[in-house]
Amino acid sequence: MATSPLHPGPEEIAARQVVMALCADASRDDLDAALQALAAPNAEDLRPPETGLVMATGRIGGDGRPFNLGEVSVTRAAIRLPDGATGFAYHLGRDRTKARLAATLDALWQDPARRARVEAALRSAAEKAEAARRQAARRTAATRVEFLTVARGED
Amino acid sequence: MLAPGFADPVHDAQGTFRAVMDALARPGLPQRLDAGPNPPAPLTPELAAIALALTDADTPVWLDADLAASSEVAAYLRFHTGAPLTEDPARAAFALIRDPARCPPLARFAQGTPAYPDTSTTLVLALDAIASEAGLRLIGPGIDGTARIALSPLPDSFVAQLAENRAGFPLGVDLILTAPGRVAGLPRSTAVTEG
């Protein structure tokens, strides 16, 4: 099937998910800086950004039975660029400005001509997010406890 | 190209709901409806405002031939309301009718059941003009004596169909009539006779 805006291929969907996950990790200032660098046109709200609750589902051990962890606040935004491209974003938290910035980046990214520039503009945010993730992993690793079985000499 | 919905979703939807509620409480008395949205043609701003205010994922919506022909209208309603579109008028909770002259007979829409008369279809018609003080004569709850309302264009044998609709009370459909900037209600409890 041909790739069109309405029926993107699986690779395109995966690539878009990567970019949106990056936007979700980035701070509002990072997204703002990325948009400034792109000289983005003014976006129009399709639906003003709004905050609501979403039930977060967890799995024990990562692969056990699903359970409802609790409700989390989520902000969603939907925008339209002057050329008709639409962008959407769902973000944890209540930062409407950030969700709207991410939606604008989503709309820009969907245009193949702009895609590389959007990804380049987000590179510093990506590096920051990666550094934060590494640091969190290092901190967690420092608290690691090795459990071992002590032979009690009964045998 | 997807068009924006209400600029201020909470207050615009509340204002539209209030206008529709007043219109149904006082049949034959047109209310002002400041329609905010600027929907894709052939959807009128009033039809769009009522659809955005009243429909959601639990209310199947039926579109008449004019509206169903436009994929932009379907995309607009699906995005802003999440309402499923149905092709069967008897399953619809709301019916949006752009061309009243070609509206199917009222009896083809859901009439409700004796236990749940509220499960009937609410028809929303886009007319060219609504005027009070002339035209059809209305009697019933919410009307002090009689009220008069002139509608154009009128569907074929509209008064006879409304009489049949009234005869099945408490079953039957309710009508919301819109014209540019105005909305009027014609609930199933109202008896309509020709001038």
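The contact between the two chains takes 6 residues from chain B and 8 residues from chain A, where two residues are in contact if their C-beta atoms, placed from the backbone, lie within 7 Å. On the chain B side, 4 of these residues are nonpolar, 2 are polar and none is charged. Here Ala, Val, Leu, Ile, Met, Phe, Trp, Tyr, Cys and Pro count as nonpolar, Asp, Glu, Lys and Arg as charged, and the others, Gly among them, as polar.

All of this comes from a predicted model, in which local features need pLDDT of at least 70 and side-chain atom pairs count only at pLDDT 80 or more, while totals for chains, interfaces and linings use all residues. Residues are numbered from 1 along each chain as its sequence is written, with chains lettered from A and ligands numbered from 1 in the order in which they are written. The predictor gives the complex an ipTM of 0.70 and a pTM of 0.82. Chain B has a mean pLDDT (the predictor's confidence in each residue, from 0 to 100) of 90, and 100% of its residues reach 70 or more.

Now for the helices of chain A. Helices (H or I, at least four residues) and strands (E, at least two) are DSSP runs, numbered from the N terminus. The axes of α2(A) (residues 28–38) and α3(A) (residues 96–109) come within 9 Å and cross at roughly 40 degrees; axes are lines fitted to C-alpha atoms, for helices over the stretch in contact, and angles run from 0 to 180 degrees between N-to-C directions. That makes α2(A) oblique to α3(A), since angles under 35 degrees count as roughly parallel, over 145 as roughly antiparallel, 65 to 115 as roughly perpendicular and the rest as oblique. Among the residues making this contact are A:L31 and A:L35 of α2(A) and A:L101 and A:L105 of α3(A). By class, the contact has 8 nonpolar, 2 polar and 3 charged residues.

Chain A also has an open sheet of 3 strands, ordered β1-β2-β3, with antiparallel pairing; two strands pair if DSSP finds at least two bridges between them. β1(A) (44–59) and β3(A) (86–92) stand at the edges with a single partner strand each, so one side of each is left without a neighbour in the sheet. Between β1(A) and β2(A) (residues 66–80) there are 13 bridges, and A:E44 sits opposite A:R80 of β2(A).

In chain B, 7 strands form an open sheet with mixed pairing, in the order β1-β9-β8-β5-β4-β2-β3. Its edge strands are β1(B) (31–32) and β3(B) (85–86). β5(B) (residues 122–126) and β8(B) (residues 174–179) pair in the parallel sense over 5 bridges, with B:L175 as the bridge partner of B:L123.
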